[in-house]
Amino acid sequence: MRQLLLDAAKRSIRYRESIGDRRVAPPADALEQLARLREPLPEQPSDPLKVLELLDQVGSPATVAITGGRYFGFVNGSSMPVAVASNWLTTAWGQNACLRIMSPSAAALEDVALQWVMQILRLPPTSGGAFVTGTSMASFASLAAARHAVLEAAGWDVENDGLFGAPPITVVIGAEAHSTLIRVLGQVGFGRARVVTVPVDRQGRMRADAFPKIKAPAIVCIQAGNVNTGAFDPAAEICARAHDGGAWVHVDGAFGLWAAAAPSRAHHLEGFELADSWATDAHKWVNVPYDCGIAVVRNAAALRAAMSVGAAYLPTGDEREPLHYTPDAGRRARAIDVWATLKTLGRSGMADLVERTCRHAARMAEALADAGYEILNEVVINQVLVAFGDEETTRRVIAGIQADGTCWCGGTVWQGRTAMRISVSSYATTAEDVERSVDAILRVAASVGRGSSGTKQHGPRQL
Ligand SMILES: *Cc1c(COP(=O)(O)O)cnc(C)c1O
């Protein structure tokens, strides 16, 4: 065992230390090697050291360098070294973070991490909370709690009697709600399409002046940090109107909520503290390893009512049992990675991480604008949208950048315009990474502009 775990540590360290020297997207030959893994289920055992060697030799080169400093795709965070280390140790512990008696350590650290998260995000300290796999499941848990509360107020017991025949719930979302939130609406029985959609402005913000008259039972979903522009819905106004109508307000704040950690950005969160539930990620801007999301619900009893289970062998005490607040039962102790990260960074370190990544995003936007390219959004946090000309040109520049390998950016269509999306979410991004990436982007854009073969290099065109 010792040799195996040391070998894993050595390989991991080598991987992370060399991440800045390699192409961000894996080269074509690394992808071809993956074919070696497609074999029939082995009949006989193998030497675990050989298994790990194969994993590293074939698997590592075909990864995307998300943990490095020049990956700007989607909104994917890196992972802080301390969180990787805590993840290793807690994986070795092998705890089931389901019940306090299964792991006193995991339960205690989860309590602390949850309190710290609520403090940093300025959410009510008596809220209930759950550590889940990501914002999708955090919204799932939150909206199940919302469903419980708004139907209980209407005299309906949704956990026992289901949604068939229940008083209909009005569900309001913005036209720019995240795709995964739409999926959750289907999962909790509200329907993906059975919603009232509020129009948005040029940044994707819900238009408060277009907010409909609603009456209970109702649930309103707002957003802190649009996945394209980074924009924030006008929370104070929407919460006031929604609460006037007796609605529950849920916030999808996968990354945007963490702007609260940075003094220069915290004003974007004004009014979001008035909501009733909040879903966020730790695996994006907080830079803990996948997978880690957090649900915070003002009415802890509603979350518990929606999630709790009963069995004769379960403990009955006053202490918080994670099991009763999450949609799952057996689960890893993911809260510990959040604890380790916040313990290491402190309030000021978390502020610095947010400030720094926002500054890098602003610098990239400035450099691309100076070169004559069009920035399509107000760069309010860490997200930049840039167009290099018409749709075809922008597409070719994105493919060219991905093939070039210096950095990685994805594409999107923003309000009818094809754009490249830059998200600076990694603790590892340095000013030098930013300049190197800007140089590469400008070089590729210039070669595409000249009509040369910017996209015809080796490597995958799309990932
Ligand atoms: C990433 C994201 C999600 C989904 O989060 P997961 O952790 O991938 O489930 C939801 N909403 C927004 C705004 C996001 O950026």
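Where is the place of Arg-122? Arg-122 sits in the loop between helix H5 (104-120) and strand E1 (128-132); helices (H or I, at least four residues) and strands (E, at least two) are DSSP runs, numbered from the N terminus.

This is a predicted model, in which local features need pLDDT of at least 70 and side-chain atom pairs count only at pLDDT 80 or more, while totals for chains, interfaces and linings use all residues. Residues are numbered from 1 along each chain as its sequence is written, and side-chain values use heavy atoms, with hydrogens and water left out.

1. Arg-122 is not a glycine, yet its phi is positive, near 60 degrees. With a relative accessibility of 53%, Arg-122 counts as exposed (exposed means over 50% relative accessible area, buried under 20%, partly exposed in between; 1.4 Å probe, protein chains only).

2. Positive phi in a buried loop residue. Asn-287, also not a glycine, has a positive phi of about 60 degrees. Asn-287 belongs to the loop between E6 and E7. Its relative accessible area is 0%, so Asn-287 is buried. For context, most residues other than glycine have a negative phi, and most peptide bonds are trans.

3. Cis peptide bonds. Ala-216 and Pro-217 are joined by a cis peptide bond with omega about -5 degrees; Pro-217 falls in the loop between strand E3 (196-198) and E4. A cis bond also leads from Tyr-290 to Asp-291, where omega is near -10 degrees. Asp-291 is found in the loop between E6 and strand E7 (293-297).

4. Strand E5 (residues 248-252) is largely enclosed by the rest of the structure, because five of its five residues are buried.

5. Neighbours of E5. Strand E4 (residues 218-223) pairs with E5 in the parallel sense over five bridges; pairing requires that DSSP find at least two bridges between the strands. Within this pair, Gln-223 has Asp-252 as its bridge partner. From E4 the chain passes through helix H9 (residues 235-244) to E5 in a right-handed β-α-β crossover (with the strands pointing away from the viewer, the path from the first strand over the helix to the second runs clockwise). E5 is also joined to strand E6 (residues 277-281) by three bridges, and these strands run parallel.
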